[in-house]
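Student: I would like to learn how to read a protein model step by step. Could we begin with the contacts between charged side chains and then turn to the packing of helices?

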Amino acid sequence: MKNITLDSLDMLSANILVNLYEKHSASSVAIDMNIPAPKVSRCLQHARMMFNDPLFIRKKHGLEPNEFTRQLYPIVKELVQCSEHLYQLNHINAAESHAAMVIYVSDLLIAHFPQQLSAAINEAHLPISFELRSGSQAVLDDIANGLIDMAVVSESNPSALQQDQRLSVMPLKTLSHLYLLCGLEHPILQQEISLANMANYPYLSAFNQLDKAALDPFEAYCRQQKCACHLAPRDNMQTSLGFHDLYRYLADNHTLSIVPYSKVYEQSYLLPGLHVCCLSTIDTALLYADHPLPRLYLVSAKRHPSAHFDWLKQTVVALIKQEVH
């Protein structure tokens, strides 16, 4: 590969690369981005020359990313998202430019959340900017102290939320499905997929519960069944796992994970090298036999000074209810 700097990759080419990865069709990208099809082709050719790699393979169903592009995609995607946030910051009302709303949410929950929220704000012509955050030492205290404006959290036991008089708590969705994640060559795929067999392998806890000390449902199930649950080490237990972090932990073909988030299943094609499947209703019922189903909540302070806070809150609620299954 050639030496690459950020100056070499223009944002249009980066955006087209991301959209081609997600849509597999140059004509669809041209329509969605409202640019001429030849421009899409020229930008793709520029990216191929810059990376010295074909990037995509043309197949019957469209353009298929190669292995290099699968590794490149999350990096370029992050660059595009950062560019969108900078664009948004440049176009908000100068009087409110210092007051970006801070939203705590895991990117495991919803696909394209920043893009969808930005589009809704632009369509409403409101002077709102926002910052997404996924790490906090004490998210409830940060909300109460004004460091976080609103948070979408997953919790099986909502008592701590409901008892905190500083907070406004809105139930959103119950997460009633479970998804197994592991490497494509994991031995579990050659066996019956069952909770008992899963317990024989290192387990990555990725429920991202509010209470970091609480056992997640699979850990609780293993303890109840008196079988060992070998937890895989995590770099930072205080930071919620992100969507693309899963590959880093699970690609070893020894570790596996169970998550309740539909995005992981619906966008598994963006996790090269990983197998994702929905657990059976029997295993799901067993896991939750003595453990409440996790539920999403929107948490905010009871009083907020922003004139547009209620609108933003309602928009976030609508996106979560529409996109999370």
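Tutor: Let us begin with a definition: a salt bridge is a side-chain nitrogen of Lys or Arg within 4 Å of a carboxyl oxygen of Asp or Glu. Please keep in mind that what you see is a predicted model.

Student: How many salt bridges does the structure hold?

Tutor: The structure holds five salt bridges. One of them joins the side chains of Glu22 and Lys77, with a distance of 2.6 Å from N to O. Because Glu22 belongs to helix 1 (residues 11–23) and Lys77 to helix 4 (residues 67–90), this pair ties together parts that are 55 residues apart in sequence.

Student: Are Glu22 and Lys77 buried or exposed?

Tutor: Here the cut-off matters, since buried means under 20% relative accessible area, exposed means over 50%, and partly exposed lies in between. Both Glu22 and Lys77 are buried. In another salt bridge, Glu131 pairs with Arg133, and their closest N and O atoms are 3.2 Å apart. Glu131 has 35% relative accessibility and therefore counts as partly exposed, and Arg133, at 26%, also counts as partly exposed.

Student: Which residue does Asp141 meet in a salt bridge?

Tutor: The side chain of Asp141 meets that of Arg166, at 2.9 Å from N to O. Asp141 lies in helix 6 (residues 139–144), whereas Arg166 lies in the loop between helix 7 (159–163) and strand 6 (167–174), so the pair ties together parts that are 25 residues apart in sequence. Asp141 is partly exposed, with a relative accessible area of 36%, and Arg166 is partly exposed at 38%.

Student: What does Leu140 touch?

Tutor: Leu140 has its place in helix 6 and is buried, with a relative accessible area of 15%. Leaving aside residues up to four places away in sequence, Leu140 touches Leu161, Arg166, Leu167, Leu210 and Val299.

Student: How are two packed helices described?

Tutor: Two packed helices are described by the angle between their axes and by the distance between those axes. In this model, helix 1 and helix 2 (residues 26–33) pack at an angle of about 125°, and their axes are 9 Å apart. The two helices, helix 1 and helix 2, are therefore oblique to each other, and helix 1 passes helix 2 in a right-handed crossing.

Student: Which residues meet between helix 1 and helix 2?

Tutor: From helix 1, Leu12, Asn15, Ile16, Asn19, Leu20 and Lys23 meet Ala26, Ser28, Val29, Asp32 and Met33 of helix 2. The residues of this contact divide into six nonpolar, three polar and two charged.

Definitions and conventions: Residues numbered from 1 in each chain as written. Predicted model: local features only at pLDDT ≥ 70, side-chain atom pairs only at ≥ 80, totals over all residues. Heavy atoms only, no water. Helix = DSSP H or I, 4+ residues; strand = E, 2+ residues; numbered from the N terminus. Buried < 20%, exposed > 50% of the residue type's maximum accessible area, 1.4 Å probe, protein only. Contact = heavy atoms within 4.5 Å. Axes fitted to C-alpha atoms, helices over the stretch in contact; angles between N-to-C directions. Parallel < 35°, antiparallel > 145°, perpendicular 65-115°, else oblique. Left-handed = near helix turned anticlockwise from the far one by under 90°. Nonpolar A, V, L, I, M, F, W, Y, C, P; charged D, E, K, R; others polar.
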